[in-house]
Every structure is written in structure tokens, then in C-alpha cells.
Amino acid sequence: MMVSHMQLLPHFIKQRRPLVHNITNVVVTNFTANGLLAIGASPVMAYAREEVADMARMAGALVLNLGTLSAELVEAAILAGRSANLHGIPVLLDPVGAGATPFRTRSALEILREVRIAMVRGNAAEVAHLIGEAAAIKGVDADGAEEETPIDLAARAAHRIGTIVAITGKEDVITDGTKSYVIRGGHPIMTRVTGTGCLLTSVMGAFAAVEPDLLTAGAAALALYGAAATRAYDAAGFRGPGSFQTAFLDALSEMDQIPVEEEAVICHRVSAGRGFLQ
Ligand SMILES: Nc1ncnc2c1ncn2[C@@H]1O[C@H](COP(=O)(O)OP(=O)(O)OP(=O)(O)O)[C@@H](O)[C@H]1O
Ligand SMILES: Cc1ncsc1CCO
Ligand SMILES: [Mg+2]
């Protein structure tokens, strides 16, 4: 079922054009809107306290991103999140820079307390800080080549926070604490284009809007996003981060025609809450 079912989801997005309400950061706003449009979703950015609850209620998913944080943004995120919770709409959290300042960590934790979050997506450092494990992050070697697969960290976070947790990097992992996927794809050039992580969280929101099994939705989004990035890098005429960003938007618009290799998606089951059996 796995990959073949995942492969259907981009078609559903193009058919249903789900509204994705983003409360996001000023750096990635345009890229996020264009990326969501490319896959066939309907993006909206709305921040005013006066309207966030009404907008969230109409959406297929709500994405909260803490990249350019303020007290007002946290307030709006909580109002929108509570409205989404009330109406059964999945809420995703991108805790950008958690751990970088106390305000960022505190705000992410406050949102996790006040809103029922379905999915958290961040890099390993951000997720580790959310569960107070900053010191436990394994280092990357000098070339950044040997990053540890953070599957156990993701599972601990899923248990402690009580959400699905996705950690991205060289390899992506996603888990609900019981079942997990390790996904290979993408390209290192993605770290040289700002907002590839932020857009990914919003793309996961679009997938969550069309697939009620949120772990499957998240894994499918990671796999197809990575496959689109690989296709973009391979596209003729690639010269650097600028042309990659353009090629990536083009590849995202063809997501429904990009095959995901079976070997790129590995499913594991948690054994007794720690360690994984394939
Ligand atoms: N070394 C790498 N090789 C392949 N893909 C990568 C690599 N690093 C990141 N990616 C991909 O880039 C995307 C963004 O992940 P990343 O972990 O960089 O997010 P992030 O740190 O939140 O980024 P940002 O904050 O800039 O939005 C994911 O699809 C991930 O798979
Ligand atoms: C560069 C930057 N600063 C705050 S948010 C952001 C975009 C990546 O999340
Ligand atoms: Mg990020």
C-alpha cells in the first residue's frame, strides 16, 4: 500500500485545492505561497487577531511557523490553533530556531500547551531543544557528511510532546512514536535556499488536508518533496541556488508525475518504546 497510496495524494491536492492557512515568517512568505500554489493547494497568510479564528475554521490545515516571532504572532497562533482544534482541522508547528533564544523555545512550548498540534516538523536541533535535550544532539562531522539518523530523537519527542514528529536533514524521519518512516531524497543545495524547511511544513499541511492518516500524509509529503528536489537539481540548466529555487517550484508543480522509489521510503515499527524493528 505504502508508496503507491502516497503517490495518489498529490493528485488529490490538485483535485481538491485545499486551503492552507499559514501564520509564518516574513522571510519565506512568498516562497511558501508559490510552493503551495505549485502543488495545487490554495495558500492564505492571515495574522490579525480579528480574523485568524475565522480563517482557520475554513482551512484544510493550519501551519504555525515561528521564524520571525513576536508576542502578537504567538497570540494569533493560539487563537487560530484553538479554532482549528474546535473544527477538527489539523495544526502543524514549525518551531523555527527553538533553542536559539529562550523566547523561541518558550513560545513553541506555550503553543504546544495551548493548541492540540498534530505534527511538528523541524531540524534535529530544534526538536531536541523542544524536549530539553540540546546537549544530546550528535555532532556532524567536518564535511557535514555523517549526520546520525535522528530516529530515536524523533520517537522520544513524539512520546513526550504527544504529536507526530518529523525531523529533516540529510535523511528525513517521521514518527508517531509507534511507527516511523525514514525517507531519503532531496539535495544538499536545499540548505542554501532559505525556506525549504518552512515550505516543506506547509506542503505537509496540504497533504494532511487530503489524507486523514496524518503519519501517511507526512511521510508522503517528505518523500514527494525530496523527489521533486532531486528532479529539480537534475533539471537541465542548473547553475546554483537561484536557478535551483526556480527549478524546484517547477518540479513541485509536477509532483503528481514524479515517481517515488520504493527504496527511498523505509517503514519501521517501534519496539517497546525504544529502538526500531523493520
Ligand atoms: N544534506 C541534505 N541532503 C539532502 N536533502 C537535504 C539536506 N539537508 C536538508 N535537506 C532537505 O531540505 C529540506 C529542508 O530541511 P532542513 O532540515 O534543511 O529544514 P530547515 O532547517 O527547517 O530549513 P529552513 O529553516 O531554511 O526552512 C528537507 O526536504 C530536507 O530533506
Ligand atoms: C533567515 C530566517 N530568519 C528567521 S526565519 C528565517 C527563514 C528560515 O526559516
Ligand atoms: Mg526551519
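**Two ligand shells and two annotated sites**

Okay, let's start with Met 45, which is partly exposed, because 16 other C-beta atoms sit within 10 Å of its own, and a residue needs 20 or more to count as buried. Keep in mind that this is a predicted model. Met 45 sits in strand β2, residues 42-45. Skip the neighbours within four places in sequence, and its contacts are Asn 22, Thr 24, Thr 29 and Ala 33.

Why start there? UniProt, in an unreviewed entry, puts a "binding site" feature at Met 45 and Gly 195.

So, on to Gly 195: buried or exposed? Buried, because there are 23 C-beta neighbours inside 10 Å. Gly 195 is in the loop between β8 (179-184) and α9. Again leaving out anything within four places in sequence, Gly 195 touches Val 27, Val 28, Phe 31 and Thr 32.

Gly 195 also turns up around ligand 2. By class, you get 4 nonpolar residues, 5 polar ones and no charged ones.

Now ligand 1. That one has 20 residues around it, and the closest are Asn 123, Thr 168, Gly 186, Met 190 and Gly 197. The elements giving two or more residues to the shell are β5 (119-123), α9 (196-210) and α10 (214-234). Which element gives the most to it? That's α9, with 4 residues.

Methods. Residues are numbered from 1 along each chain as its sequence is written. Chains are lettered from A and ligands numbered from 1 in the order in which they are written. This is a predicted model: local features need pLDDT of at least 70, side-chain atom pairs count only at pLDDT 80 or more; totals for chains, interfaces and linings use all residues. A residue is near a molecule or strand if its C-beta atom, placed from the backbone, lies within 6 Å of it. Ala, Val, Leu, Ile, Met, Phe, Trp, Tyr, Cys and Pro count as nonpolar, Asp, Glu, Lys and Arg as charged, and the others, Gly among them, as polar. UniProt positions are given in the numbering used here, feature names are shortened, and annotations may be inferred rather than shown by experiment. A residue is buried if 20 or more other C-beta atoms lie within 10 Å of its own, exposed if 12 or fewer, and partly exposed in between; C-beta atoms are placed from the backbone. Two residues are in contact if their C-beta atoms, placed from the backbone, lie within 7 Å.
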